[in-house]
Amino acid sequence: MTGLDSAWIAVPYLLLGLCIGSFLNVVIFRLPKMMENEWQSQLLEFKGETPSHPNPPYNLATPRSRCPSCTRTIGWQDNIPLLSYFLILRGKCRHCGTRISLRYPLIEALTGIATAFTVWHFGPTQQAVAAVLLLWALLTLTFIDLDTQLLPDSITLPLLWLGLLFNLEASFTDLHSAVIGAMAGYLVLWSVFWLFKLATGKEGMGYGDFKLLAALGAWLGWQMLPAIILLSSVVGAVIGILLMIFARHGRNVPIPFGPYLAIAGLIALFWGRTLNESYLGLIY
């Protein structure tokens, strides 16, 4: 099969990724609000109180998407990935003309391109299916963490178990390495967290970061953890410096670590073995 043939095979997965990217936009926007509603309900329940005005249903399916400015419902024709934004709506609400954030089509495009690349990289195999699921979860976690500095358990914990499930048949590593990877991933950042807190009295990261690294360990095995930690540190340092230079991001402003772990995890997913072999080759 030529490179051109394999590229054409990836086209349907590009279209699938665009559609999934549209759904990920919904998850990224709504899941933190769903968590907040749940916390408020739990707080009222803990106090023994009942809400005076019960909130209407709010989940990933209900209510239908609306314009935040005019609250008009967004029709299906305005939800076609990329096409609606650039060709139909031209970046503005159909009803009130308010500009729509460019981030929505960018997430759709990123998901589509990354999905097609993943299938092209692994080929039409079970490994590709697993890698695509990991990709979608990491993209979702990245943008939720950027927005809210939260890594929802409703994504990180199922992701951990999925990693162990796929590695029952050694999709990315053997099950023994996956189990150790999950334990070591959690304990490494947990230890860093407590050492930093004891030394400074401050919390340097959240518990969601522990769970995310545990999930990556379950998917890729303990052997990939040093590379993931090193890569996440390098990516974080580069992006942090760029933010301070170009966005005037203050040093005291917290920067979420989850996106750096996610980027490092994807690099390790695609090129981790090569990186490990190159690193070991330099040592020995």
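Asn276 is found in helix H10 (residues 258-283), and at 18% relative accessibility it counts as buried. The cut-offs for that term are under 20% relative accessible area for buried, over 50% for exposed and partly exposed in between, with a 1.4 Å probe and protein chains only. Helices here are DSSP runs of H or I with at least four residues, strands are runs of E with at least two, and both are numbered from the N terminus.

This is a predicted model, where local features need pLDDT of at least 70, side-chain atom pairs count only at pLDDT 80 or more, and totals for chains, interfaces and linings use all residues. Residues are numbered from 1 along each chain as its sequence is written, and side-chain values use heavy atoms, with hydrogens and water left out.

**Around Asn276**

- Skipping residues up to four places away in sequence, Asn276 touches Gln223, Met224 and Ala227; contact means heavy atoms within 4.5 Å.

- Two packed helices are described by the angle between their axes and the distance between the axes.
- Axes are lines fitted to C-alpha atoms, for helices over the stretch in contact, and angles run from 0 to 180 degrees between N-to-C directions.
- The axes of H4 (residues 103-122) and H5 (residues 126-148) come within 9 Å and cross at roughly 155°.
- That angle makes H4 roughly antiparallel to H5; the classes are roughly parallel under 35 degrees, roughly antiparallel over 145, roughly perpendicular from 65 to 115, and oblique for the rest.
- The H4 and H5 crossing is right-handed, a label used if the near helix is turned clockwise from the far one by less than a right angle, while anticlockwise gives left-handed.
- On the H4 side, the contact residues are Arg103, Ile107, Leu110, Thr111, Ala114, Thr115, Thr118, Val119 and Phe122. They meet Gln127, Ala128, Ala131, Val132, Leu135, Trp136, Leu139, Phe143 and Asp147 in H5.
- Sorted by class, the H4 contact with H5 has twelve nonpolar, four polar and two charged residues. Nonpolar covers Ala, Val, Leu, Ile, Met, Phe, Trp, Tyr, Cys and Pro, charged covers Asp, Glu, Lys and Arg, and the others, Gly among them, are polar.
- H2 (residues 11-47) also packs with H5, at an angle of about 35° and with the axes 10 Å apart. The crossing of H2 and H5 is right-handed.
- H2 brings Leu16, Ile20, Leu24, Val27, Ile28, Leu31 and Pro32 to this contact, and H5 brings Trp136, Leu139, Thr140, Phe143, Ile144, Asp147 and Thr148.

**Cysteines**

- Don't go looking for disulfides: a search of the whole structure finds zero. A disulfide would be a pair of cysteine sulfur atoms within 2.5 Å.
- For Cys67, the closest cysteine sulfur is in Cys93, 3.7 Å away, and that is too far for a bond. Cys67 is buried, at 7% relative accessibility.
- For Cys70, the closest cysteine sulfur is in Cys67, also too far for a bond at 3.7 Å. Cys70 is partly exposed, with a relative accessible area of 23%.

- Phe86 lies in helix H3 (residues 83-88) and is partly exposed at 42% relative accessible area.
- Leaving out residues up to four places away in sequence, Phe86 touches Leu102 and Pro105.
- Phe86 and Ser171 sit 85 residues apart in sequence and 39 Å apart in space, C-alpha to C-alpha.
- Asn79 is in the loop between H2 and H3 and counts as partly exposed at 37% relative accessibility.
- Setting aside neighbours within four places in sequence, Asn79 is in contact with Ser22, Ile74 and Ser84.
- Asn79 and Cys19 are 60 residues apart in sequence, with 9.5 Å between their C-alpha atoms.

- Most residues other than glycine have a negative phi, and most peptide bonds are trans.
- The peptide bond from Thr62 to Pro63 is cis, with omega near -5°. Pro63 lies in the loop between H2 and H3.
- Arg90 isn't a glycine, yet it has a positive phi of about 55°. You'll find Arg90 in the loop between H3 and H4, exposed at 62% relative accessible area.
- Gln149 also has a positive phi, near 60°, in a residue other than glycine. Gln149 lies in the loop between H5 and helix H6 (153-166) and is partly exposed, with 45% relative accessible area.
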